[in-house]
Amino acid sequence: MIEILNPTLLTRARDSGALVGHILQTLKGRSTAGTNLLDIDRWAKEMIVEAGAQSCYVDYAPSFGRGPFGHYICTAVNDAVLHGRPYDYPLADGDLLTLDLAVSKGGVAADAAISFIVGDTQPPESIAMIDATERALAAGIAAAGPGARVGDLSHAIGTVLSEAGYPINTEFGGHGIGSTMHQDPHVPNTGRPGRGYKLRPGLLLALEPWVMADTAELVTDADGWTLRSATGCRTAHTEHTIAITDDGAKILTVPR
């Protein structure tokens, strides 16, 4: 299903997006060496409930996961990149942490992810990988607007990632979003310009460049959810929800 939102729902989407952005930045500030992933999950739950919003994750049970996710945020550390299920793990100095959060408020969902290094140790290779995903996301957003096609966004994202030297996996990527978290169209992280669905005002997209340092192959963790790099290399993932408007793409998932 591809959903086009009316102005009322777009206003609600801005509220949902601002909440996601606020929670992610708050959690980033609290995530230090020694912080437990389960504490991050608990803090996310508290902020979602306090805002009168609903988690898109806790009861989520798609075909690619084992049963309901059961947590309020995805926490992926080092070689984990997607769908990281929180567990009893205290973060260490120098860990590369990705926080991925989706919530629904007023019947409209928003989805975003940030990657960052915990503590004082800042490995240059990890910083460069995070930077590549952020630049790829910016390129994808710049390519979005009325009349653009999904392939234009995919091509812009993939060009940045490829030029930075990272293999690209196309099993998981960006997606439409609206009354539910995952909708059509699928937005791969590489593609051919001029192909695919033509973007229209009122469409929401979650764009999410993610890479693994030296492989495009994923393996599934024993928890049935967490996806890791097949070689054990580090990973990074950056995501924003955007709205297509008559004036171009507007980023929704930033704090107000």
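Which backbone nitrogen lies 2.7 Å from a polar atom of the side chain of N169? In this predicted model, it is the backbone nitrogen of E171 that lies 2.7 Å from a polar atom of the N169 side chain. The model is a prediction in which local features need pLDDT of at least 70 and side-chain atom pairs count only at pLDDT 80 or more, whereas totals for chains, interfaces and linings use all residues. Residues are numbered from 1 along each chain as its sequence is written, and side-chain values use heavy atoms, with hydrogens and water left out.

N169 is placed in the loop between α4 (150-163) and β6 (174-176), where helices (H or I, at least four residues) and strands (E, at least two) are DSSP runs numbered from the N terminus. With a relative accessibility of 5%, N169 counts as buried, a term that means under 20% relative accessible area, while exposed means over 50% and partly exposed lies in between (1.4 Å probe, protein chains only). A polar atom of the N169 side chain also lies 2.8 Å from the backbone oxygen of A216. When neighbours within four places in sequence are left aside, N169 is in contact with W210, A216 and L218, contact being defined as heavy atoms within 4.5 Å.

Helix α4 itself has 14 residues, which at 1.5 Å a residue should span 20 Å, and its end C-alpha atoms are 20 Å apart, in agreement with that value; the expected span is 1.5 Å times one less than the number of residues. The buried residues of α4 are V150, G151, L153, S154, A156, I157, G158, V160 and L161, and what covers them includes α3 (124-143), β7 (183-187), β8 and β9 (210-212). Just after α4, G165 takes a positive phi of about 95 degrees.

Towards the start of the chain, a side-chain oxygen of N6 reaches to within 3.1 Å of the backbone nitrogen of T8 at the start of α1. Helix α1 (residues 7-30) and helix α2 (residues 37-50) pack at an angle of about 145 degrees, with their axes 11 Å apart; axes are lines fitted to C-alpha atoms, for helices over the stretch in contact, and angles run from 0 to 180 degrees between N-to-C directions. The contact is made by I23, T26, L27 and R30 of α1 together with I40, W43, A44, M47 and I48 of α2. The buried residues of α1, among them L10, A13, I23, L24 and L27, pack against α2, β4 (96-105), β5 (108-117), β8 (204-207) and β13 (240-245).

A further buried side chain belongs to R228, which lies in strand β11 (residues 227-229) and, at 17% relative accessibility, counts as buried. The side chain of R228 makes a polar contact with the side chain of D79 (2.8 Å), a polar contact being a pair of N or O atoms within 3.5 Å, of which, within protein, one must be able to donate a hydrogen and the other to accept it, and for which residues adjacent in sequence count only if both atoms are side-chain atoms. Not counting residues up to four places away in sequence, R228 touches V77, D79, A80, Y87, M212, E217, L218, V219 and D221. In the loop between β11 and β12 (235-237) lies G232, which is partly exposed, with a relative accessible area of 47%. The C-alpha atoms of G232 and L218, 14 residues apart along the chain, are separated by 9.8 Å.
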